[in-house]
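The sequence and structure come next.

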Amino acid sequence: MRILVANVNTTQSMTDSIAASARSVAALGTEIIGITPRFGADSCEGNFESYLAAIAVMDAVVSYPEPFDAVIQAGYGEHGREGLQELLDVPVVDITEAAASTAMFLGHKYSVITTLDRAVPLIEDRLKLAGLDARCASVRASGMAVLELEEEPERAVEAIIEQALLAVREDKAEVIVLGCGGMAGLDEEIRKRAGVPVVDGVAAAVTIAESLVRLRLSTSKVRTYATPRPKTVIGWPITAAEVPAAP
């Protein structure tokens with residue numbers, strides 16, 4: 001089984017970290033391929049960057065030259081999952097929905113701890129769209145920018161833990177969800193300190209994707225995510241249009 005794990009930003013070191021986290025929970029025989037978009041922002045923390053990332057991730061996935069069995073979109077609260085589902089006939093799992101749905105098996109209500117405050121409305125909207133908002137106690141910002149998660153991991157962990165403890169105490173959350181792909185791998189330390197289950201969206205998405213593949217299930221194509229109708233689309237995929245054909 002081969003699963004593509006698509007980072008939504010162009011920071012290769014973050015792709016590597018996300019892929020390593022995915023491999024740490026993947027079953028024997030599952031190959032994890034981390035892919036980085038060829039264009040876009042080095043971090044996604046707002047609507048412009050999110051919509052740009054949606055196009056960039058779709059481009060990276062449809063341009064991938066080898067067969068694959070599932071795709072994980074590794075951006076919390078980002079746009080684009082629906083487009084991938086239209087384009088592909090394999091399962092597409094977004095870490096936002098994977099983390100939230102997993103958290104609902106573990107407690108009555110969950111809270112999401114994300115990066116900057118400006119990302120909170122995006123996450124709230126994506127959870128509402130997915131029908132996962134009713135059991136979300138809160139979405140809290142750690143105040144750490146995405147790239148700071150790599151640059152200052154110790155401070156990042158402390159900031160996330162501070163908000164996690166407030167979510168448990170003030171918002172009555174029973175489960176914490178890490179609301180950023182760049183937080184992958186931080187769950188164990190936060191779990192120890194916060195005293196509640198902590199869900200890493202990348203890890204949750206891997207296990208869900210594997211299950212869907214084993215069950216031979218994929219996206220329904222009868223209506224909402226039907227394959228796009230044939231029409232002229234200029235310059236798509238972007239990567240194929242930019243890279244000259246081999247002589």
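## The sheet

In this predicted model, four strands make up an open sheet, and their order is E6-E5-E7-E8. The pairing is parallel. In general, the strands of a sheet pair through backbone hydrogen bonds, either parallel or antiparallel.

Strand E6 (136-141) and strand E8 (198-200) are at the edges. Each of these two has a single partner strand, so one side of each has no neighbour in the sheet. On average, neighbouring strands of this sheet are turned by 25 degrees against each other, direction ignored.

Strand E7 (residues 175-178) pairs with E8 in the parallel sense, and the pair has three bridges. Ile176 has Val198 in E8 as its bridge partner.

Helix H5 (residues 120-129) packs on the sheet, where it touches strand E5 (110-114) and E6. The direction of H5 makes about 155 degrees with that of E6.

## Two crossing helices

How do the axes of helix H4 (residues 95-103) and helix H9 (residues 201-214) cross, and at roughly what angle? They come within 8 Å and cross at roughly 90 degrees. An angle of 65 to 115 degrees counts as roughly perpendicular, and H4 and H9 are therefore roughly perpendicular to each other.

On the H4 side, the contact is made by Ile95, Ala98, Ala99, Ser101 and Thr102. H9 contributes Gly201, Val202, Ala204, Ala205 and Ile208. Of the residues in this contact, seven are nonpolar and three are polar, with no charged ones.

How values were computed
Residues numbered from 1 in each chain as written. Predicted model: local features only at pLDDT ≥ 70, side-chain atom pairs only at ≥ 80, totals over all residues. Heavy atoms only, no water. Axes fitted to C-alpha atoms, helices over the stretch in contact; angles between N-to-C directions. Parallel < 35°, antiparallel > 145°, perpendicular 65-115°, else oblique. Contact = heavy atoms within 4.5 Å. Nonpolar A, V, L, I, M, F, W, Y, C, P; charged D, E, K, R; others polar. Pairing = 2+ DSSP bridges.
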